[in-house]
Amino acid sequence: MYSYSDFDEGFVRTRVAQFAGQVARRLDGSLTEEEFRPLRLMNGLYLQLHAYMLRVAIPYGTLSPRQMRQLAMIADTYDKGYGHFTTRQNIQFNWPKLPDVPAILGALADVEMHAIQTSGNCVRNVTADHFAGAAADEIEDPRPYAELLRQWSMDHPEFQFLPRKFKIAITGSPHDRAVTRAHDIGLRMVRNSAGESGFEVIVGGGLGRTPMLGHVVRQFLPIADLLPYVEAVLSVYNTLGRRDNKYKARIKITVHETGAAEITRMVEERFVETRAQFGGADQALLADIRAAFAPPAFRNADTAAYDAAYRTDGAFRAWADTNLSAHRVDGYAIVTVSLKAHGDTPGDATGAQMRVLADLAETYGHSDLRISHEQNVILPHVHKSDLPAVYAALKAAGLATANIGLLSDIIACPGMDYCSLATARSIPVAQELALHFKALDLEHDIGPIKLKISGCINACGHHHVGHIGILGLDRAGVENYQITLGGDGSETAAIGEKIGPGFAYDEVTPAIERLLRAYLELRLEAGESFINAYRRLGPAPFKAALYGTGDHLDAA
Amino acid sequence: MSRSFTPKVVTANDLRLGDVVYLTQSGKWSRLHGEAHLFTDEDSANAALASAAAQSLVVVGAYLADAKAGPHGPEPVHFRELFRTRGPSNYAHGKQADLAAAQKVA
């Protein structure tokens, strides 16, 4: 993986020293809170409901074992023994004390990590397909381009005060695991008719208050044009974006109000200028970065140990069936480690669990770890013969839940248990749903489904692109949950439809059970997933089941 | 006739720890909602908020929150404020744990 250059190292260390001084001046009264607030936010430090929260970037979701151990150390030393992995491939510490934050940032710098640009109206952490470099369907590993974008966007003087925050996602696979259509810029690697790889550039997607899918502004962008083109997009947005209204300031509104065709024209026009300004230094840098992402030395060994365990150990087989994905190298598998044990908090890992994951990556996983936007941890390169040992170690650490892609593999934002913006809780809703469907033993019957929960309209839990989305709101001083159906965050992206009035906190689980029991009756066969049944039948029968207003079979 | 005023407490977060605090009658800060002073008229609530906001070396983000009188002092009205009195619902962390530990010692 990429290692910091002297420039990166110097930049991050300087920032830590600056922030240490800023914290000291806040504590001695030299800085007011009004002066300090933007400074702490520039360094990822929020004030939440019960405590401060530090948001640390995990660039394109990639971590080394050493970095994971340092996150564990921070969780154990400065927090309450755990960290929360988020839908933006960040980790959040929920209980740091202000005087400790400079030491935490110093500890992060020791392992080439930081919290810079995890807040504010700038380019945020560039997210990527969590199977990058491993997926069987991949055109090319997108992480060198993500790293190039990270370096370009870090402290970019033109883009520190954009109209609003700006999120870029990138995937190298046709199967979109990075939700590219719901980002300010989505980059999908494609091949042109000559067989060269490049990018389809999507602009103006986003969830939140006004969910929109992005528009393709370029069908094929040559790799060498990536930075000048992205800079052209940012430049046009920086000029046109609405600074008069926070709720209309994201690029999705700019694209919507200006029109995709006109935005495309303006970007292309600006691109002529930006391309002329890039003298090739970016391509020299890219060549160096590429070398850092060379594939590991995959080994060629037989898979007999895996085959035997798969045949004889039912629990291992169940885990293998849900938590493994196809690797591009024969004999290897991608392991998704579920951070969704039934009843636990989605995305949380204890310090001890982080150390187990670091050890496993080092011993069996070519020292590579990923954090997915679905709040799980990935061991992207594990030889199949090592899977029984990996499974046993995960099981001992409470990390072997066999539920990836199933109902209890829920995305949930922190909600009102932590977040000061939230209008309702998310976590306990996720916990109850997972426990309830486990007790019913229905998860495997229901099969693949994406259930996503947000605790406010900002949609950090991606509820709009959940097959089932749940949005927690405050309705006249009471928690109320609105349900959307039919959303999709993949290459067949769709925004879910609001189905009807919301449900009280204790009505959510029964409503979801009615909905899913109806699906089980309505599906053509066990292989027809919830989303496919929904697309075939439309909302009517599901609405009838959700509200118990009549026979959903009639509605179908 | 003046419009009706919903009673308020002054609440904030501790500058160093981030913990939720409430302004008491003596002008000190308490970790307990029940020890907060309940302001029943708008002028005194606003004056208290202004003086609380001035204590920027102690607290951060002071604001007025609706509350009502209860048998053990003021009680929160809105669920958000209720959550702030105890901590998150997924772990026994924050106030609920701190208070339990304090009771054990006592």
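Student: Which element gives the largest share of the lining of the second largest pocket?

Tutor: Strand 11 (residues 324-326) of chain A does, with three residues. Strands are DSSP runs of E with at least two residues, helices are runs of H or I with at least four, and both are numbered from the N terminus. A word on the source: this is a predicted model, where local features need pLDDT of at least 70, side-chain atom pairs count only at pLDDT 80 or more, and totals for chains, interfaces and linings use all residues. Residues are numbered from 1 along each chain as its sequence is written, chains are lettered from A and ligands numbered from 1 in the order in which they are written, and side-chain values use heavy atoms, with hydrogens and water left out.

Student: What makes something a pocket, and what a cavity?

Tutor: On a 1 Å grid over the protein atoms alone, a cavity is a set of points where a 1.4 Å probe fits but cannot get out, whereas a pocket is an open set with protein on both sides within 12 Å along at least five of seven lines; lining residues have an atom within 4 Å of a point. The second largest pocket has a volume of about 630 Å³, a volume being the space filled by probe spheres set on the points, which are joined across faces, edges and corners. Its lining holds 32 residues, and His175(A), Arg177(A), Glu374(A), Gly405(A) and Lys450(A) lie nearest its centre.

Student: How many cavities of 30 Å³ or more are there, and what lines the largest?

Tutor: There are seven. The largest has a volume of about 90 Å³, and its lining includes His114(A), Gln117(A) and Arg150(A). That lining divides into six nonpolar, four polar and two charged residues. Here Ala, Val, Leu, Ile, Met, Phe, Trp, Tyr, Cys and Pro count as nonpolar, Asp, Glu, Lys and Arg as charged, and the others, Gly among them, as polar.

Student: Why is Arg150(A) called buried?

Tutor: Buried means under 20% relative accessible area, exposed over 50%, and partly exposed in between (1.4 Å probe, protein chains only). Arg150(A) has 9% relative accessibility, so it counts as buried. This arginine is found in helix 5 (residues 143-153) of chain A. Not counting residues up to four places away in sequence, Arg150(A) touches Tyr2(A), Tyr4(A), Asp8(A), Pro59(A), His114(A) and Val126(A), where contact means heavy atoms within 4.5 Å.

Student: And what makes Gln117(A) stand out?

Tutor: Gln117(A) has a positive phi of about 60 degrees although it is not a glycine. Most residues other than glycine have a negative phi. Gln117(A) sits in the loop between helix 4 and strand 6 (127-128) of chain A, and its relative accessibility of 4% makes it buried.

Student: Is Asp441(A) buried or exposed?

Tutor: Asp441(A) is exposed, because its relative accessible area is 60%. Its phi is also positive, near 55 degrees, and its place is the loop between helix 14 (427-440) and helix 15 (443-446) of chain A.

Student: How do you know that the buried residues of helix 17 of chain A line one face?

Tutor: Those residues are Phe530(A), Ile531(A), Ala533(A) and Tyr534(A). Seen down the helix axis, they fall within an arc of 160 degrees, so they line one face of helix 17; the arc is that of the directions from the axis to the C-beta atoms.
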